[in-house]
Amino acid sequence: MRRNGVTMKLFLVMAGFLLLLYGTTVIAQLVWFPDFYQHQKISSIKKKLTKFEQQYSTGHWNDVQLAKETGKFMRQNQSHLVILTNTGKLINDPFHIVLQQEDGKQVNVSLSLFINSENAGWLASHLKYGQQLTVTGSASGMSDPMVYPLKIQDQSSVVRGTEDFQELTEPVEVWSGTLKEVVLPNLGTWSQRQGLLVQALDSRFPLSTEDQLSLANGKMINEEWTDSWSGVRNVLTIAPVHSSGPQQQLIFSLTSLQEMREASEATQLFYAYFGIAAFVLIVFLSLLLSRIVTKPLLALNHVAKKMSTLDFTVKSPIRRNDEIGSLSNSLNALSTTLGQTLEELRQANSQMRTDMEMKQRIEQRQREFFADASHELKTPISIIKGYSEGLKDGVSESKRERYIEIIADEAVKMETMVEEMLDLVRLESQAIKLNTDAVALGDMIEDIAGRLGPQLKEKELDVVLVSTTEQTVEGDRSKLEQVIYNMMMNAIRHAVPKTDIMIEISRPEGQVRISIENQGEQISEAERQYIWERFYRVERSRNRKMGGTGLGLAIAKQILDLHGCSYGVENTTNGVRFYINFPNA
C-alpha cells in the first residue's frame with residue numbers, strides 16, 4: 001500500500017477510530033458510568049416526583065384518579081410511593097377499602113402498607129362488594145381517621161399484613177362493617193419490595209427537627225438508603241406537598257439502584273464474550289473497507305455513463321486530495337464544459353426554431369388574411385358592379401334611386417369591413433397600445449344601448465341591465481366599448497323579435513363579470529369553437545342580410561386578450577349568453 005494511497009488512508013482512519021472508540025467505551029464503563037447512572041437516576045426521580053407533586057396539589061384528584069396516577073408513577077419509574085403526614089401516617093392512600101358500620105359511619109382502611117406477596121391472592125378473591133369484614137388495627141389521630149390494619153377477616157378466613165412500621169401510639173381496635181368501596185393495585189405485578197418500603201419508613205420516621213424544617217421550607221430530601229438484610233441500594237426521596245391544607249403532607253418515594261449492580265455484572269460478562277465476537281467484527285470491517293474503496297469508483301462510473309448519454313447534470317460528489325479526488329475534479333470540469341456547450345447549442349437551436357415558427361405563422365396569417373379579405377370583398381364588389389352596369393345601361397327612373405341606394409349601402413359595408421380588417425391586423429400584430437383608466441361599466445353599457453336604439457326598435461327589443469352596484473374596471477374604454485358594441489350587436493342580430501336582451505354585471509370571487517344574453521337560436525358545439533375566428537358566420541347567408549362582417553368577435557377576442565380577460569359563449573335554455581371576466585377587479 002502506498003503511503004498516501006487511498007487504501008492506506010482508509011485503513012489508518014478505520015483502525016484509529018475503532019481503537020479510540022473501544023478504549024473510550026471501556027474506560028467509561030469501568031470508571032464513569034456507575035456514578036453517571038446514579039446521578040441520572042436521582043435527577044430523573046426528582047424531576048418526575050416534582051411533576052407528580054404539582055399535579056397532585058393542583059389536580060384535586062378523587063380516590064380512583066389518585067390510585068391511577070400513583071400506579072402509573074410506580075410502574076414507569078420502578079418505584080414505590082405513598083402520601084404521608086409529617087408524622088409518618090398515610091393520608092389519601094390510593095389503595096384502600098371502605099367499610100360502612102351499622103350506625104352508618106364509614107371507615108377508611110389503608111392497604112398500601114398491608115399488601116404483600118402472601119396476602120395478595122386472598123385480597124383479590126375475598127374483597128367483594130357487600131361482604132361483611134372485620135378489621136383489626138390502629139387508627140390515625142386525624143379528623144378523618146385512616147385505619148392501618150394488622151389483619152382482615154371475613155366469615156370464613158383471616159389474613160395478616162406487614163407489621164406496623166413504627167411503635168403504635170394509638171390503641172389496637174376492631175371495626176366491622178359492610179364492604180362499600182375497593183381500590184386495589186395490579187396485584188399481579190405488586191412487588192415484594194413493598195416490604196422494603198415499610199422498612200424505609202420505619203428507618204426514616206419520626207423525622208428529625210432539621211428534616212422537618214427543610215420540608216417546611218419546601219425543600220426535597222434525597223438520600224441513599226441500603227437494606228440491611230439484602231444489601232440492595234435504594235434512593236429515598238421525601239417531597240413536601242405545596243397545598244393550603246391545615247396539615248402538612250409528604251410524598252415518600254423509594255427507588256431501587258439494583259439495576260446498576262446488574263448492569264455492571266452484565267458488562268463484565270460482555271467483555272468476556274467480546275473476544276468471540278472479534279472474528280465477526282473483523283469480517284464485517286473487511287466488507288465495509290472494500291465497500292468504502294469501491295464506492296467512489298462506482299460513483300465516477302455512474303457519472304461517466306450519464307455523460308455518454310449527453311446528460312451533464314450529474315456531478316461526482318467526491319472531494320478528496322488523492323488520485324480518486326483528482327479524477328473526480330477532472331470529470332466534473334469536463335462535464336461542466338460539455339454541458340455548457342450543449343446548452344448553448346440547444347438555446348441557439350430553440351431560438352432558431354422559434355424564429356422560424358414565428359415567420360411561418362406570420363406568413364400563414366398573411367395568406368389567410370388575403371384569402372379571407374378577397375372572399376369577403378368579392379360579394380359587395382360584384383353587387384356594386386352589377387348595379388353600376390344596370391345604371392349604365394339606363395334603367396327606368398323608378399329603379400334608378402333604388403340602384404344608387406344599394407350601391408351606396410354596399411360601399412359603406414366595404415368601408416366598414418376594411419376598417420375592421422385594419423383594426424384586426426393591428427391588434428394581432430400587437431401594434432396597438434392600451435390607454436388604461438378606470439371604466440364604469442354600467443354607464444358605458446347604457447351609452448352603447450342608446451347608440452343601438454334604432455336596431456333595437458327595428459326588432460322591438462328591450463335591453464335589461466341587471467347590476468346591484470356600479471362596478472369599475474381598469475381598461476381602455478374605447479376598446480372595451482368596441483367589444484361590448486360588437487357583442488350586443490351580435491345579440492340583436494340573432495334575437496327573436498319582441499324579446500329582451502339581458503345584460504348582467506356581477507362580482508363572483510373577486511372578479512367582475514359581464515354577461516350578455518338573448519333569446520334566439522342556439523349555437524351548436526361544433527360551431528362554438530370557431531365563433532371567435534375571422535370572417536366566421538353562423539348561417540352565412542342570413543348574417544349577410546343582417547349586415548355582419550364576421551370580424552366583430554375576432555376583434556373582441558384580440559382586445560380581451562390584451563386586457564388579460566377570460567371570456568366565452570354558452571347556450572342557455574332559450575338562447576345564447578356571451579360572458580367576460582375581468583381579473584383582479
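This is a predicted model: local features need pLDDT of at least 70, side-chain atom pairs count only at pLDDT 80 or more; totals for chains, interfaces and linings use all residues.

Student: How many helices and strands does the protein have?

Tutor: There are 14 helices and 17 strands. Both are DSSP runs numbered from the N terminus: helices are H or I with at least four residues, strands E with at least two.

Student: What makes S9 and S10 a pair?

Tutor: Two strands pair if DSSP finds at least two bridges between them. Strand S9 (residues 233-240) and strand S10 (residues 249-256) are joined by 7 bridges, so they pass under that definition, and they run antiparallel. Asn234, for instance, has Ser256 in S10 as its bridge partner.

Student: Why do S1 and S8 count as edges of the sheet?

Tutor: The open sheet has 4 strands in the order S1-S10-S9-S8, with antiparallel pairing. Strand S1 (79-85) and strand S8 (221-226) each have a single partner strand, so one side of each is left without a neighbour in the sheet. From one strand to the next, the twist averages 20°.

Student: Why are H9 and H11 called oblique?

Tutor: Helix H9 (residues 441-451) and helix H11 (residues 477-493) pack at about 50°, with axes 10 Å apart. Angles under 35 degrees are roughly parallel, over 145 roughly antiparallel, 65 to 115 roughly perpendicular, and the rest oblique. About 50° falls in the rest, therefore the two are oblique.

Student: Which residues make the contact of H9 with H11?

Tutor: Contact means heavy atoms within 4.5 Å. Among them are Met444, Ile445 and Ile448 of H9, and Leu480, Ile484 and Met488 of H11.

Student: How do you know that H14 is largely enclosed?

Tutor: Buried means under 20% relative accessible area, exposed over 50%, and partly exposed in between (1.4 Å probe, protein chains only). In helix H14 (residues 552-562), 8 of the 11 residues are buried, so the helix is largely enclosed by the rest of the structure. Leu553, Ile555, Ile559 and Leu560 are among the buried ones. Across the protein, 38% of the 585 residues count as buried.

Student: What follows H14?

Tutor: Gly564, with a positive phi near 75°.

Conventions:
Residues are numbered from 1 along each chain as its sequence is written. Side-chain values use heavy atoms; hydrogens and water are left out. Axes are lines fitted to C-alpha atoms, for helices over the stretch in contact, and angles run from 0 to 180 degrees between N-to-C directions.
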